[in-house]
Amino acid sequence: MTALLPNITVPGSTAVLLPTTDSLFNLTAAAQAGLGSGQSLAPLCTLCCCGFLNRTLAVVFMVSLAFAIVVGNVITLTVFVQTRQSRTPQGYLKVSLAIADMMVGVLVVPFSVYTEISLMVTSSPPIWYQGSSTSPATSTSFGGLVSPWQPCMLIGPVFAGCTFVSISTIFLMTLERSVAILWPLHKDALVTRRRTLLLILLSWAASFLLALAPLIFSSNFTLEYNECSRMCNYSPLLFGSQLPPDANILLLFPAFDFTLLGGTLAVNIVSFTSIRQYSRKRKLLSEGSLSDAGGGGAGCSHRPSFSDIKAAKTIGILTFAFTASFSPIAVFVLGNVVGYTWCNFSFFAFWILTGNSCCNVIIYSVRDHRFRKGVSLLFQRDNSLPHGEKS
């Protein structure tokens, strides 16, 4: 989930990070260092990335996406909080997923909107833009230099951490449904609210620890706003023309995601195989091919409920949607680690993944009849509230 951006060394200064486009180096920092006057210059980039029309369309898209993410997940949280039937282990997992998605819509996307609008309406980028490349350090009364605070140090890990929370939550939801499918009689004993809440807390802690891993375990990375992806990305500090020796630490991100996605796929295969066997047995029973004494009755007494089967299929759709949205990012990260820079592709890769944050509520609306009923009751309650107050 990172973009690898090369740096150069400017005479009279430290190593300066320079973001790139497909075939163009951003020489703003070099020019600024040569001026030595602290003036801010607009970053150089291609028309496809920084044209006025392109930025305007990107801002409109970002604002619409942020609105859809926030509204959709607020509705999801409201339904699960106010509906008593939703206070189950699966409901808690859905709440965790909705919180992670809403954090993306509240923090990550609005920050990109603010940055893009700032670059459009002002002749100079924000003081923190591109980290140290355009931000002159200010002197203190003690004679030291203090660089401006970089907001990407917060926004970048939030986006990465929320992405990891999403995939780990989907994995836990898959495990919960597989228990309901394979061992329906032991579901309540194995999957409890306390265990579910503990696993949710562990997934959040592990996800954000992994998101900060390049900063914790290495001093050769920083976070800065990328003009191509329009997001805060990890950037390695190059020495000469060589990547740092620990650049491969960024491969932890796709490795973690694809490991959980692979596990989720394997569990789904087992669950759906069991569902298919049960459906086939039920069909044979309805046709009279199997007698109750021939083992069919035992299978029926331990059969999963229809709601469990439908929930398992819904989670399978969630898994497919997340896999499809994450795959472009994985390709982009792998390409960057070996030295490729894809400016246009990076924008689509990162924002396809961001758009997944508003897909869950759509999937719930189509697949989950309890969710649809909760939404209808929620709006009916709002419409009938004045009458209740009058009565």
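Predicted model: local features only at pLDDT ≥ 70, side-chain atom pairs only at ≥ 80, totals over all residues.

**Entry 1: H3 and H4.** I began with the axes of H3 and H4, which come within 8 Å and cross at roughly 155 degrees. Angles over 145 degrees count as roughly antiparallel, so H3 is roughly antiparallel to H4. I noted the crossing of H3 and H4 as left-handed. I then sorted the residues of this contact by class: 20 are nonpolar, 5 polar and 4 charged.

**Entry 2: H4 and H7.** Next I looked up the packing of H4 against helix H7, residues 193-211. Their axes are 9 Å apart, and the angle is about 25 degrees. H4 and H7 are therefore roughly parallel to each other. H4 passes H7 in a right-handed crossing. Which residues make the contact? From H4 I listed Pro89, Tyr92, Leu93, Ser96, Ile99, Ala100 and Met103. From H7 I listed Arg193, Thr196, Leu197, Ile200, Trp204 and Phe208. By class, I have 10 nonpolar, 2 polar and 1 charged residues for the contact of H4 with H7.

**Entry 3: H3 and H12.** I went back to H3, residues 52-82, and took its pairing with helix H12, residues 343-355. The two axes come within 11 Å and cross at roughly 20 degrees. That angle makes H3 roughly parallel to H12. I recorded a left-handed crossing where H3 passes H12. H3 makes the contact through Ala58, Phe61, Met62, Leu65 and Ile69. H12 makes it through Phe347, Trp351, Thr354 and Gly355. The class count for the contact of H3 with H12 is 7 nonpolar, 2 polar and no charged.

**Entry 4: the largest pocket.** For the largest pocket I have a volume of about 740 Å³. It is lined by 36 residues, and those closest to its centre are Gln85, Ser86, Thr88, Gln90 and Arg370. Which elements supply at least two residues each of this lining? I found H3, H4, H5, helix H6 (187-190), helix H11 (306-337), helix H13 (359-367) and helix H14 (369-390). H14 gives the largest share of the pocket lining, 8 residues.

Entry 5: The largest cavity holds about 60 Å³ of space. I wrote down its lining as Asp101, Val104, Phe159, Cys162, Thr163, Ser166, Phe322, Leu353, Thr354, Asn356 and Ser357. Helix H4 (89-121), helix H5 (152-182) and H12 are the elements that give two or more residues to this lining. H5 supplies the largest share of the cavity lining, 4 residues. By class, the lining of the largest cavity has 5 nonpolar, 5 polar and 1 charged residues.

**Entry 6: cross-reference.** H4 packs against H7, supplies at least two residues of the lining of the largest pocket, and gives two or more to the lining of the largest cavity. H5 is listed for the pocket lining and for the cavity lining.

Methods:
Residues numbered from 1 in each chain as written. Heavy atoms only, no water. Axes fitted to C-alpha atoms, helices over the stretch in contact; angles between N-to-C directions. Parallel < 35°, antiparallel > 145°, perpendicular 65-115°, else oblique. Left-handed = near helix turned anticlockwise from the far one by under 90°. Contact = heavy atoms within 4.5 Å. Nonpolar A, V, L, I, M, F, W, Y, C, P; charged D, E, K, R; others polar. 1 Å grid on protein atoms, 1.4 Å probe; cavity = no way out; pocket = protein on both sides within 12 Å on 5 of 7 lines; lining within 4 Å. Points joined across faces, edges and corners; volume = space filled by probe spheres on them.
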